[in-house]
Amino acid sequence: MVTPGAGTESTASDAAGVTSSSSRSHSIAADRGWPRANSGRTHADPGPILAPSGLPPVGVDPELGVPVYVTVDRTLRVKVTDACGMACVFCHNEGTPVVIDNRGAMPGDYAGVGRSGRVSIYVGSNGARFLPDMVVPNEEFASVLSTLRASVGVAELHLTGGEPTLHPQLHEVIRLARSTGYEVRMTSNGENGSRMLPACAAAGLERVNFSVFGTTADELARVQHPKVAGRHRVERRISALRRSVRTALDLGLKVSANIVVPDVDHAPRVRRLLTEYAEEVTVRLLPSLDAGRSSIIAIESILTDLGAVPTALHFTAGASDYSTSYRLLSGQIVCFKRIRPVRLPRTCTGCRFNNDTDCQEGFYGLRLYRDRAGGYQVGVCIQRMDLCLPLQQFLASELGKEIVGLRDADRRELCSAYQ
Ligand code: SF4
């Protein structure tokens, strides 16, 4: 299973829209042949979910009658560590092999499943050629960030892992990123946040997207490898997540709770999440990529039951994710985050996964890794890690121009479609 935008989860990429029997659920079905950048194979990425950067809407969606906001993707996702205390069965691990299970293995022999119980769901087919290492917050890293900012216009750093809060110098990573002009956000499972977040906030962290894999021990245990699914262990994880969310809120950080909804059986979990968190936290419902259409139908059904009314559409030009925000009968706001079929116009053309089902995430934005030889690698797709390039090769290639061109074309198409 894959979960969009939730760090190392895998999310849904079914961009085919859903219809349902009730008129309300018809209004919830917001997907209908999105504008496609670059002749018909599109995509998008994160960004402001509820507060569209103060920009006015570009227009009104004719079907939903809600304002449409378009921002341009400026994100750079950085895998700061491979370490993680969880073992989610759907983890994409940012496309890289799990280090602890692949030490000593050569490229081509990397295993997607190992003795630790952790998985990296695409490693069996994505051509990964390196093992990731921890990012070191030094001058070289600052230089890499500055170079990418200048060459491809990225300005928002998204810290991923593994679990970023297990990086012992995370606050220094954030401080360096801020000093080079980036806004900094993080996706976290919450296992170590109460200890790390105060220093991270002081260093300039702006937002934390918490991945909520379960609101009860049973729920969390169901999505963990049996090796880490013991009752006491999962209960400790849930308590740690609660403490981390509280800490983030007390520190004044912006906080989101991401929850993947594979099917309607997860409706009680969504309700518990809304009860527990939605007063202070932005709740985002994410479809499961490998559950596909049934996951989208499940979320729409849950929204309908909650009396959800759409309030806005948010697109990020140049990357695959987009979201619809809803107001519930209770007055709470929730977001439904999904995937558009955005593609890089040249790179994706010859890709064997370039069809409506195999390409699960679309072009989701730029990714940065540090390999175990100490070099930096730039990636454009977790399903095609063979496309990763060492930084200097990336800078010398046409990929950067392709990404910038995609953003511009996609922004123009989105704006003209809704004006
Ligand atoms: S490289 Fe292939 S899998 Fe990756 S976004 Fe492009 S088409 Fe999809």
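**Start with the whole chain**

The model is predicted. Show the chain as a cartoon. It holds eleven helices and 15 strands. Of its 419 residues, 54% count as buried. Now think about contacts between residues at least 6 apart in sequence: 72% of these join residues at least 24 apart.

**Stop 1: the ligand**

Select the ligand and the residues around it. The shell has 13 residues. The closest are C348, C351, F353, C359 and C381. Colour the shell by class.

**Stop 2: the main core**

Select I259, V261 and L285. They have the most contacts inside the largest nonpolar core, which has 91 residues. Helix 9, residues 293-305, gives the most to this core, with six residues.

Go back to L285. Which residues does L285 touch, leaving out those up to four places away in sequence? The list is I259, V261, V270, I299, V334, C335 and F336.

**Stop 3: Y326**

Select Y326, in strand 11, residues 321-327. Is Y326 buried or exposed? Count its C-beta neighbours inside 10 Å. There are 23, and 20 or more are needed, so Y326 is buried.

**Stop 4: helix 7**

Select residues 231-250. This is helix 7, with 20 residues. At 1.5 Å a residue, helix 7 should span 28 Å. Its end C-alpha atoms are 29 Å apart, which agrees.

Colour V234, R237, L241, S244, V245, T247 and A248. These are the buried residues of helix 7. Look down the axis. The buried residues of helix 7 fall within an arc of 160°, so they line one face of the helix. Then turn to the other side of helix 7, where R231, H232, S239 and D250 are exposed.

What do the buried residues of helix 7 pack against? Show these elements in turn:

- strand 6 (183-188) and strand 7 (207-211)
- strand 8 (254-261)
- helix 5 (193-203) and helix 6 (217-222)
- helix 8 (267-277)

Step just past helix 7 to G252. This glycine takes a positive phi of about 85°.

**Stop 5**

Most residues other than glycine have a negative phi, and most peptide bonds are trans. The next residues are worth a look with that in mind.

Select N93 and E94. Both sit in the loop between strand 3 and helix 2. Phi of N93 is near 50°, a positive value. Phi of E94 is near 55°, also positive. Are N93 and E94 buried or exposed? N93 has 28 C-beta neighbours inside 10 Å, so it counts as buried. E94 is buried too, with 23 other C-beta atoms within 10 Å.

Last, select G161 and G162. A cis peptide bond joins them, with omega about 10°. G162 lies in the loop between strand 5 (156-160) and helix 4 (170-179).

Terms used:
Residues are numbered from 1 along each chain as its sequence is written. This is a predicted model: local features need pLDDT of at least 70, side-chain atom pairs count only at pLDDT 80 or more; totals for chains, interfaces and linings use all residues. A residue is near a molecule or strand if its C-beta atom, placed from the backbone, lies within 6 Å of it. Helices (H or I, at least four residues) and strands (E, at least two) are DSSP runs, numbered from the N terminus. A residue is buried if 20 or more other C-beta atoms lie within 10 Å of its own, exposed if 12 or fewer, and partly exposed in between; C-beta atoms are placed from the backbone. Two residues are in contact if their C-beta atoms, placed from the backbone, lie within 7 Å. A nonpolar core is a set of buried Ala, Val, Leu, Ile, Met, Phe, Trp, Tyr and Cys residues joined through C-beta atoms within 7 Å. The expected span of a helix is 1.5 Å times one less than its number of residues. The arc is that of the directions from the helix axis to the C-beta atoms.
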